[in-house]
Amino acid sequence: MIKPYLKLKIHHDQLTWFLAILLNEREIFQLLRHTNPVANTDKLDSSSKQELLGRLTNAFYRQSDIDEIVVQHLSQKAEDAISRVGYMVVDEIHTFFKSPGPLIESGEFGEVVWALLADTREDVHSHGIHLLTAAYETHKDSPEVDTQPFSDHLSTPQVPSPEIQEIQTKYTDDLDGAQKEIDGQTGEIEHLKSALVDLQAEYTAIEKKNKQLEQHCQFLLEENEAFKIKEDLYQESKEQIVFLKQENESLHEKTTQYAETNNSLMKLETEHQQLLAKYGDITAQLDELAQIKTAKESFMVELKLVEEAVYKEFQALEQLKTDLQNHFDVIEKSHETSRNALNQIRQTVDYFDESDLESTNQEKQTGTQPRVGVFVDVQNMFYAAKDRFERRVDYIKLLDLIVGPRQLVAAYVYIVQIPEIKQGNFISLLEHNGYTIRSKDLRLRGDGSAKGDWDVGIAVDVVSMLGVLDVVILASGDGDFCPLAELIKQQHKRIEVVAFEHNTSMDLQAMADQFFPIGEELLM
């Protein structure tokens, strides 16, 4: 995250100014030597710090090797600041490093800003860029970077502290001895001078680190006080939680007791209501019993009189009962046959009473009999006859009876072919006696159920033939044909229904102009 931020968010002059704060001349010189070992040392020595910084910045933006070395060196130099920032949250960072002024005054600006840029948190990166930009805009015109040649700086260091002076004296004596012993070894002297500059830089870094540690220590002390306050609050909360837990347990016990009492009261209320209902029933029964008792006394008087009369008639009734029982079976058997025949006769008479005049008028006007179409739902007729009579319909007699003297235009029978049942002979018999066969196979659904009906097919055939028919005879009791019957009547055609009375829809019977109930005379 560091390199992209430096290259994308910080421009060339801004980075040069920032490196001038972070790096001394020796470090800049060493970094340039590391990145270009064959560089002309004399040329670098004669360059000013500003020129060296310009070369280092240009190399940072253009070369892929120096940026890694610069980032690693700066991270090592700001190691303490990086560690310090890493322990701080974002709010603390914004509080302690609010503006660049105090950091520049304390000499911590370079290390702290680099620590912010090196942090992995996005908000911390942005704050580091903000501090760097603000400081640059404020101090970019200040003489932060010396432009003297690098070799001059090595020979005229700043006045060091007593400790550094002691070290400097030591190394100066060594240099003098070395000069006396080895004449002409200028490189060794330059090396010792460089070491002296490094020691000065280290001492300055130690002072900066000391100030940073003092600030961090102060921050930790303040944070410790805050933790103590939080701990006191935690203890108070803990004691309050214990109290609330005890209170909660007490309330829970009371709630349990209340629930049990409430359940008992509800049971008692239910029992009370049941007792009140029983009391009302018993009171009504007692009133009814009193009325029954009064009526019983009156009835007992009458009963004695009746018993005398009944006893006298008992023997005669027993004899009559025996005689009636003997004839009852014969009457019952003949009654069923008579009722069926009577229904058939009544329907036939009603039909001829209603249609004779109409047929006569039609014959006078057209000179022909009414045109009749017969449509037989074999599946409906088969199951109706089987369920009630365990017999089959005689379709030959049925056709002769319902057509009569009228003109038969077409007679269709609608059959559902079942694989387990062979119907070849039955179909041949119907074809031989004037029927046209319509058949389809039984269809099996995915769930295992079966479907096979001709409701739609029958309706389509009837509607398609209405133009050449005067009378439509439907042999089916299925109520789904009610809309078809209504359509036939709207076309001013006659609709007659032939079916078993027990298996025929009442709506279909009411809709038909004539209903012929099938009796035993049409069964075989």
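This is a predicted model: local features need pLDDT of at least 70, side-chain atom pairs count only at pLDDT 80 or more; totals for chains, interfaces and linings use all residues.
Helix H14 is the main contributor to the lining of the largest cavity, giving four residues.

Searching the whole structure turns up one cavity of 30 Å³ or more, and the largest cavity holds about 70 Å³ of space. Who lines it? The residues are Lys77, Ala78, Asp80, Ala81, Glu111, Ala205, Lys208, Lys209 and Gln212. Two elements, helix H7 (79-86) and helix H14 (186-366), each bring at least two residues to that lining.

Now, a quick step back to the whole chain. The protein has 524 residues, and 32% of them are buried. There are 20 helices and eight strands. Among contacts with a separation of 6 or more, 70% join residues 24 or more positions apart. The exposed surface comes to about 33,500 Å², with carbon and sulfur atoms supplying 54% of it.

How far does the predictor trust all this? The mean pLDDT is 78, and 75% of the residues reach 70 or more. Strand E6 (residues 471-475) has the highest confidence, at a mean of 97, while helix H12 (residues 150-155) has the lowest, at 36. Across residues 143-161 the pLDDT is below 50, and that stretch still has 41 contacts in the model beyond near neighbours in sequence.

On to the second largest pocket, with a volume of about 380 Å³. Its lining counts 18 residues, and those nearest the centre are Val378, Phe382, Ile421, Gln423 and Phe426. Helix H15 (378-389) and strand E2 are the elements that give two or more residues to this lining, and H15 has the largest share, with six. What is the lining made of, by class? It divides into 13 nonpolar, two polar and three charged residues.

Gln423 sits in the loop between strand E2 (407-417) and helix H17 (424-432). Is Gln423 buried or exposed? Its relative accessible area is 15%, under the 20% cut-off, so Gln423 counts as buried. Setting aside neighbours within four places in sequence, Gln423 touches Ile415, Val416, Gln417 and Ile418.

Let me compare notes with another loop residue. Ser476 lies in the loop between E6 and H19. With a relative accessible area of 0%, Ser476 is buried too. Which residues does Ser476 contact, leaving aside those within four places in sequence? They are Asp377, Asn380, Met381, Phe481, Val497, Val498, Ala499 and Leu508.

Last stop: helix H18 (residues 455-465). Its buried residues include Asp455, Gly457, Ile458, Asp461, Val462 and Met465. An α-helix has 3.6 residues a turn, so residues three or four places apart point the same way. The cover over the buried residues of H18 includes strand E1 (371-377), E2, strand E3 (436-441), E6 and helix H19 (482-490).

Note on methods: Residues are numbered from 1 along each chain as its sequence is written. Side-chain values use heavy atoms; hydrogens and water are left out. pLDDT is the predictor's confidence in each residue, from 0 to 100. Contact means heavy atoms within 4.5 Å. Buried means under 20% relative accessible area, exposed over 50%, partly exposed in between (1.4 Å probe, protein chains only). On a 1 Å grid over the protein atoms alone, a cavity is a set of points where a 1.4 Å probe fits but cannot get out, and a pocket is an open set with protein on both sides within 12 Å along at least five of seven lines; lining residues have an atom within 4 Å of a point. Grid points are joined across faces, edges and corners, and a volume is the space filled by probe spheres set on the points. Ala, Val, Leu, Ile, Met, Phe, Trp, Tyr, Cys and Pro count as nonpolar, Asp, Glu, Lys and Arg as charged, and the others, Gly among them, as polar. Accessible areas come from the Shrake-Rupley method with a 1.4 Å probe; for residues, only the protein chains shown count as cover.
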